[in-house]
Amino acid sequence: MLSPSARFSALALLAIVAPAMIVAVLGYVSIRQWEASSELLYREQARDMATMAAEKVEMTLRRAEDTFLDRLQTALQTEGPPARAVDALLVDSPLVRRLYLVGRRGELLYPRAWKDRDAAVFGPLVSESEPRKLERSGKRVVIAENQICLAWLTRRGGEPVLVAFARDPDALRREILETTLGPLESQTILAVLDHEGRTVYSRAPIGDAQRVLSVQFRDVLPDWRLAVYQAPGAAPRQAVRRQVMLFTGALGVLVAVIVAGIVTTWRLMRRETEMARLKSDFVANVSHDLKTPLSVIRMFGETLEMGRVTDEGRRQEYYRVITREGERLTRLIDNVLDFSRIEGGRQTYEMTPTPIEPLVRGTLETFAYPLAQQGFKVEVSVAPDLPDVAMDADAVGQALANLIDNAIKYSADDRALTLDARIVDGRLVIAVTDRGLGIAREEQAKIFEKFYRVGRSDTQGRRGSGVGLALVRHIAEAHGGDVTVASAPGEGSRFSLRLPLGRP
Ligand code: ADP
């Protein structure tokens with residue numbers, strides 16, 4: 001048969017911990033999937049956006065160049081030398097940096113001569129296969145490296161003219177890239193990279209942003225790429241990771257709360273069980289404690305009544321035993337009654353100025369017989385000139401009696417009892433010291449709890465109710481003081497009742 005707390009643990013495990021764990025595992029698996037799919041989704045979106053932006057750039061550039069070529073075609077058709085019209089057109093077309101017009105046989109029509117080293121760059125282009133390819137397809141081509149465009153137009157009279165021009169990088173950046181990419185709404189950074197991977201344009205400083213992906217431009221900007229960058233910390237993976245951490249943290253807190261709840265409930269239940277056990281021990285112990293003095297009183301009373309004891313000395317001793325056992329009974333009953341009054345919150349204390357020495361000696365006096373009979377060495381030291389202290393003398397006397405009773409009860413071979421009363425740090429300290437069994441450190445805080453008995457004190461062979469020290473502590477605290485213990489197993493204990501002196 002399982003104990004209630006074991007049953008509770010098993011139930012809690014099944015009913016709370018197992019579902020919580022399942023939720024935790026499912027949650028973890030789903031956020032991992034979420035992490036992967038959000039990354040995928042993000043990349044897809046980024047690719048779509050980059051493709052769209054690249055198309056837009058190319059469209060704008062194509063349109064600008066087509067417009068230029070249309071206007072050039074018109075200029076070539078006008079009467080008179082084309083040079084002037086072309087010059088005027090060039091002033092108006094910042095995108096075109098260098099323009100050359102070449103006749104069918106390779107003769108330079110415009111301008112009159114190659115500028116700088118352009119002959120080396122343009123020469124091979126206009127004389128090789130490109131123009132012929134172009135002638136066939138009828139479209140213009142772009143030679144990527146130098147960003148040079150070639151196209152066939154016709155002169156007045158139908159003569160074909162090969163047009164070759166270089167793009168102006170600044171104008172390209174300013175008028176095409178900036179105007180198309182600049183206004184695009186996106187948290188990412190878009191950059192245009194040339195055929196060598198150099199950044200030609202970026203919408204914001206790239207800094208240590210990470211490249212997510214890049215797409216290739218098509219025929220208008222061949223070999224160039226449009227790249228998507230993500231600022232550090234803003235990548236979806238990191239955002240998701242933050243979410244994952246948040247979720248994991250929340251899950252951790254949830255599990256911790258559940259576990260703490262279970263542990264607390266389990267502890268409470270264990271305490272309850274322990275309390276129930278202590279209470280039943282208490283009843284058994286009190287009954288036994290009541291029976292022992294009663295049977296002694298009855299036995300001695302009957303013996304005396306029968307008149308069998310003729311010796312006056314023996315008779316006197318019997319009377320003393322009866323009185324002492326009566327006192328023990330009274331003390332025990334007082335303890336139990338006071339304890340129940342305290343538990344019920346009905347205990348009241350009457351404070352009156354009390355001289356200390358008579359209280360200490362008077363209380364000790366009630367133990368004179370057992371102390372003498374058990375051969376105790378007793379020492380009392382009360383500091384001279386102690387002031388009267390406001391207290392409930394009966395209650396403090398009872399607390400002191402409990403301490404002395406324990407010192408006798410838990411004595412060992414070395415039977416010595418010291419009582420001293422003095423003022424320490426502005427407080428009255430009445431200390432009861434014995435050289436008895438002593439108390440292990442880990443037990444020292446517990447002995448003041450109600451019903452608590454060290455090792456149930458059965459092994460020590462001493463009976464008791466386990467409420468004596470709880471009462472002492474309550475009385476001390478009700479007076480605004482406390483009770484402390486200094487003890488070591490096998491060496492003895494020193495209990496100090498510390499009470500405030502109160503108003504003078
Ligand atoms: P009890 O009725 O068991 O004496 P108390 O509340 O007076 O109950 O004491 C609680 C426990 O503290 C005792 O059971 C005993 O184990 C321990 N104890 C109290 N006083 C002493 C002492 N002077 N020396 C050793 N152990 C003590």
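**View 1. The largest pocket of this predicted model holds about 980 Å³ of space.** A pocket here is an open set of points on a 1 Å grid over the protein atoms alone, where a 1.4 Å probe fits, with protein on both sides within 12 Å along at least five of seven lines, and its volume is the space filled by probe spheres set on the points, which are joined across faces, edges and corners. Its lining, meaning residues with an atom within 4 Å of a point, comprises 45 residues, of which Asp-405, Asn-406, Lys-409, Tyr-410 and Arg-463 are the closest to the centre. Among the elements that give two or more residues to this lining are helix 6 (236–305), helix 7 (312–343) and strand 16 (492–500), while helix 10 gives the most, with seven residues. Helices (H or I, at least four residues) and strands (E, at least two) are DSSP runs numbered from the N terminus. By class, the lining has 15 nonpolar, 18 polar and 12 charged residues, where Ala, Val, Leu, Ile, Met, Phe, Trp, Tyr, Cys and Pro count as nonpolar, Asp, Glu, Lys and Arg as charged, and the others, Gly among them, as polar.

**View 2. The second largest pocket holds about 340 Å³ of space.** Of the 15 residues that line this pocket, Arg-271, Glu-274, Leu-278, Glu-449 and Tyr-452 lie nearest its centre. The lining divides into four nonpolar residues, one polar residue and 10 charged residues.

**View 3. Helix 10 packs against helix 11 at an angle of about 145°, with the axes 9 Å apart.** The axes are lines fitted to C-alpha atoms over the stretch in contact, and angles run from 0 to 180 degrees between N-to-C directions. In the contact (heavy atoms within 4.5 Å), residues of helix 10 including Ala-395, Val-396, Leu-403 and Asn-406 meet residues of helix 11 including Leu-469, Val-472 and Ile-475. By class, this contact has eight nonpolar, four polar and no charged residues.

**View 4. Strand 16 pairs in the antiparallel sense with strand 14 (residues 427–434) and also runs antiparallel to strand 15 (residues 482–488).** Two strands pair if DSSP finds at least two bridges between them; eight bridges link strand 14 to strand 16, and seven join strand 15 to strand 16. Arg-427 stands opposite Pro-500 in strand 16, and Ala-488 stands opposite Gly-492 in strand 16. Strands 15 and 16 form a hairpin with three residues between them, and Gly-490 in the turn has a positive phi of about 80°.

Residues are numbered from 1 along each chain as its sequence is written, and side-chain values use heavy atoms, with hydrogens and water left out. In this predicted model, local features need pLDDT of at least 70 and side-chain atom pairs count only at pLDDT 80 or more, whereas totals for chains, interfaces and linings use all residues.
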